[in-house]
Amino acid sequence: MRATETLIPTLRESPAEAEIPSHVLLLRAGCIRQLASGLYTWLPLGLRVLRRVEAIIREELDARGAREVQMPVVQPAELWRESGRWDVMGPELLRMQDRHERDYAMSPTHEEVVTDLVRRVVDSYHDVPVNLYQIQTKFRDEIRPRFGLLRAREFLMKDGYSFHLTDESFEKTYRDMHDAYAAILERIGLEYRAVEADAGNIGDSESHEFQVLAESGEDLIAYCPDGDYAANVEKARALPPEREQGAPQALERVATPGLRTIAEVSDFLGLEPARCVKTLIVRGSEQPLVALVLRGDHELNETKASRLDAVAAPVTFASDAEVEAAVGCSVGSIGPVDLGLPVYADESAATLVNFVCGANADDVHLTGANWDRDATAETVDVRNVVAGDRSPDGQGALAFARGIEVGHIFKLGTKYSDAMQLALQDGSGGEVSLIMGCYGMGVSRLVAAIVEQCHDADGIVWPSAVAPFDLHVVALDYGRSEDVRRVADAVHDAGVAAGLDVLLDDRGERPGVKFADADLIGIPHRVTVGARGLRDGVVEVRRRAESESSRVPIEEAIERIGSGELP
C-alpha cells in the first residue's frame, strides 16, 4: 500500500485533550479521531490493527469450540425487565423508545438476548453445551469518558456466553476460555496477569480479570511475586496477622478534646495508628444501621463490605444526623463498646488486644479496650490489602502493580436461567436450569492497552502480531529520484509477493518528517531507500524496537524480503 493512496493524518503535537500515552499516540499516529465525547472514528491504520486483534481472538476461540453469532445492538426492554436488570442498571444503560413508544436499550452487554436466543432454539439436552460469541459494538453512557479508548462510551467488544447442564461441563469451558484469553494476550506479546475479581452486577460468583500491566492502568492488582496468586484489590483476600497476646488492661476513658481522626488521636496518645480502631456506620439491609470496625491504618473495601448480607448494597455511609440520632455522638468518636448496633469487625482489627476506640461520646476515647470483654462483633474480611500482607497462597508477601482490564470471565451460575426460565430436561427426565458462563474482552480497549505497554518517546512500537503493516519502506526523494523510485518499488513489490503487508512512504515530504512519522506509526520493520545509500549499493534496515540501523546490499535486501524474511 502506498502512503499517498491512504489516509494517515499524523500530528506533530500532542492533542490537549489526551492525558495518557495511548490516547496521545493513537491520535498523533492517525489511527483514530474523536467525533464526540467518548465516540471515536477508526481510520485506516488503526482499523488494520483492530482487525488483526479480532483475527487472533477468533482463531483462539474457534479452536476451543466457541461459535460466532451476531446479535442486535438494540434490545427490547422486556428482556431486561425479565432478568430484573432494567431497574438495577443505572444511567450507563442508554434507554430509548421507538415510534410506538416501546422501550429499548442500546446494548451494553448481551446476557438477556443470548439467554432468550438459547431458550428459543435449544430444546434438548443433546444440544448442550452451547458456547457462542460475537464481536460487536457496545454502548455504555459513561458519566465521564476519558483516557481515549480505555473509557469510551461506544466501543468494540467480544462477548461470549456458554450454557451447560452440569458443573463439570461448565468448568471445562471456563478453563478453555481462561486458556483462550491467556493465549490471545501471549500471541500479541503482552505482559499480563489473570487475577481473581469481583463479579459486580453481571456475575453471580467467581470471576477472573485479565489485566495488561501498565502504569496508566486504572486497576490496582495485588499479586505474589514468589507465587501464582493475583487478584484485583477489590477481591484480594486480606489475611489477618496472628492474634495478639498479652494481659488485658483496664478500660479507661481518656479526654480527647476536638480530636476526630485516627491520625489526631494516635498522635495525641503517642501510639501507632494500628493500635486504634475506627468504626464506620453504614446503612443495613435489615437493620437501619450497621457498624464496620477496621484497624486504624487500614481502609474499607466497599466491594467486600457490599457482599455482607447485613449491609445494603451499594455501601452507603450514614449521614452525620443519622449517626448523631443513633449513637449520640459525632462521626470520629464512635466505637464498638456498648454501641447498640450490629458490629462487624475486620479480621485484622479482631486480633487486637488493648486497643483504642471512640467512646460514643464527643471528645472522649477509650484505651485498653478488648474484644469479648468489652465488645462483641462478627469477624469478616472487609479491608483493602496492603503491601507486605501475607499472600493467600502462602508463597510470600503481596506486592502491587497497576493494570488495564482487557478481559473478564464470569461464572454466572443460574442467575439468568432462573430469571428467564431457561431449563431443559436432563437424561433422567428431570428439569434443570442451565448453568451459564460469560466471557468478555474489550477489543478496542485492547488496542489502547497494547499502546500503553508498547511505546517509547518517539511513538508506538507495535508488536508484530498486530501491527498495521509488517514492513515500512521509507523512500527519500521518491518523486525526484528515478533510482530511489525503482528500488523502493522493488522492495515493496517483493514484500507483497511474499505475502507481507507493506506500506510504501512515497510522499513528497522531507526525510526528517518521514523518519518522525515512521517512528510514530511504529511498524515493526523498516527499509530506508535513499539516493546516498544507493550510490553505495545499499539500503538501510532497522527494527522499530531497536535504535540502530544497518546497511544491507540492495539485492540481498530484496531477496530476503522476497522470501518473507524481514530485516
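A pocket here is an open set of grid points with protein on both sides within 12 Å along at least five of seven lines, and its lining residues have an atom within 4 Å of a point. α6 (262-269), β14 (277-283) and β17 (355-358) each give at least two residues to the lining of the second largest pocket. The model is predicted. Strand β14 also belongs to an open sheet of four strands.

**Second largest pocket**
- The pocket holds about 320 Å³ of space.
- Its lining has 21 residues, and R260, K278, T279, V331 and G332 are the closest to the centre.
- β14 provides the largest share of that lining, with five residues.
- By class, the lining has 13 nonpolar, six polar and two charged residues.

**Four-stranded sheet**
- The strand order is β14-β15-β16-β19, and the pairing is mixed.
- β14 and β19 (378-380) form the edges, each pairing on one side only.
- From one strand to the next, the twist averages 30°.
- β16 (residues 343-346) and β19 run parallel and are joined by three bridges.
- D346 has V380 of β19 as its bridge partner.

**Helix α5**
- α5 spans residues 167-188, 22 residues in total.
- From first C-alpha to last, α5 reaches 32 Å, close to the 32 Å expected at 1.5 Å a residue.
- Buried residues of α5 include F170, Y174, M177, Y181, I184, L185 and I188.
- D176 and T173 are also among the buried residues of α5.

Notes:
Residues numbered from 1 in each chain as written. Predicted model: local features only at pLDDT ≥ 70, side-chain atom pairs only at ≥ 80, totals over all residues. Heavy atoms only, no water. Expected span 1.5 Å × (residues − 1). Buried < 20%, exposed > 50% of the residue type's maximum accessible area, 1.4 Å probe, protein only. 1 Å grid on protein atoms, 1.4 Å probe; cavity = no way out; pocket = protein on both sides within 12 Å on 5 of 7 lines; lining within 4 Å. Points joined across faces, edges and corners; volume = space filled by probe spheres on them. Nonpolar A, V, L, I, M, F, W, Y, C, P; charged D, E, K, R; others polar. Pairing = 2+ DSSP bridges. Axes fitted to C-alpha atoms, helices over the stretch in contact; angles between N-to-C directions.
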